Amino acid sequence: MKGLFLLLSICLTVSVSAQKAITVSGKAQGTYYVVKYLGRDTVSLQPEIEAIFRQIDRSLSLYIPSSLINRFNKGDKIMMDDHMRAVVKKAQEVSRVTGGLFDITVKPLVDLWGFGVVRHNNGRPSEDAIRRTLRQVDYQNLTLRARYLIKKQPGVEIDCNGIAQGYTSDVIAKFLLSRGISNYLVDVGGELVALGNNEQGKPWSVGIERLQRGSGPQNLLMMTNGAVATSGNYQRFFEEGGSRFAHTINPRTGEAIHNNIISVTVTAPDAITADAYDNALILLGVDKGLEFIRDHPRLNLGAFYIYKDADGQVREKYSEGFFEQR
């Protein structure tokens, strides 16, 4: 048995090393993408990968006037394509599990706070404006009927930016598998999915920034089958009255996030799941977020929080087994 195991290990190593390491990268969906994979065919897959981006953008991009999502937001229903249907179904599932803490109907609030397609810096909205806008926000105001997405009341609009990049990473990963590629790392704007090994025959390594003094520049996640996504309040934000208001909006309260969380990195079986739950977990905060993970073991989530304690010191806390190989 040991001899058979050694033979299989040698065959795997030879198989991986016989393949060429290929990297394609570029700009898409308002961010970057990097796709690394091992293959014997040196013909670049970049044209087909970028065609996937264009196809998903025609469905879910708020920056394309004729996209399906914009047509839905202007009307009362839409016939969904496969991309929109997959994303909306997953979003509704996550909304139910989190009690509406993740909610794609949050778009009116995102626009109100100035983080939407049309950016503005008008400061914190009034309590009255937030209260009025909250009337339009509720995932239960969406109905999925066969291939149709239907609004239950006027004024409901959706924004899938909190889940679409993770979904895109998964779609590209499935495309690579369809081409017989079983060793890859796909990164779309920091939403990653990995399978197999790198050119050294070792697991793919994903670095996580560490801001705590004396802790070193980063930790490494070793991944052979899984996904990771990060949400933080250090990219899009404004400061007012001594508080930093970031682009993640709480659909329950209408407030832009202004807690002590710097970032949360989430692991999951696929990137769409990691991408969706990082939004909910950053809103829950450290202790409630880690409790949520413990209470929902079937989701197979992990989380790594970077936050400031009551004294303003940067701290880290993570779920059990977070740095175990996936």
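Trainee: How many salt bridges does the structure hold?

Mentor: Keep in mind that we're looking at a predicted model. To count, a side-chain nitrogen of Lys or Arg has to sit within 4 Å of a carboxyl oxygen of Asp or Glu. The number of salt bridges in the structure comes to 11.

Trainee: Why are Asp128 and Arg131 separated by about one helical turn?

Mentor: Their side chains form a salt bridge, 3.2 Å from N to O. Asp128 is partly exposed at 36% relative accessibility, and Arg131 is partly exposed too, at 46%. As for the spacing, both belong to helix α6, residues 127–134, and they're about one turn apart because their separation along it is 3 residues.

Trainee: What's the N to O distance between Arg132 and Asp128?

Mentor: Arg132 and Asp128 both sit in helix α6, 4 residues apart, which is about one turn. Arg132 is partly exposed, with a relative accessible area of 43%. Its side chain meets that of Asp128 in a salt bridge, and the N to O distance is 2.3 Å.

Trainee: Which residues are linked with Lys107 in a network of salt bridges?

Mentor: Here we go beyond a single pair. The network of salt bridges links Lys107 with Asp111 and Glu157.

How values were computed: Residues are numbered from 1 along each chain as its sequence is written. This is a predicted model: local features need pLDDT of at least 70, side-chain atom pairs count only at pLDDT 80 or more; totals for chains, interfaces and linings use all residues. Side-chain values use heavy atoms; hydrogens and water are left out. Helices (H or I, at least four residues) and strands (E, at least two) are DSSP runs, numbered from the N terminus. Buried means under 20% relative accessible area, exposed over 50%, partly exposed in between (1.4 Å probe, protein chains only).
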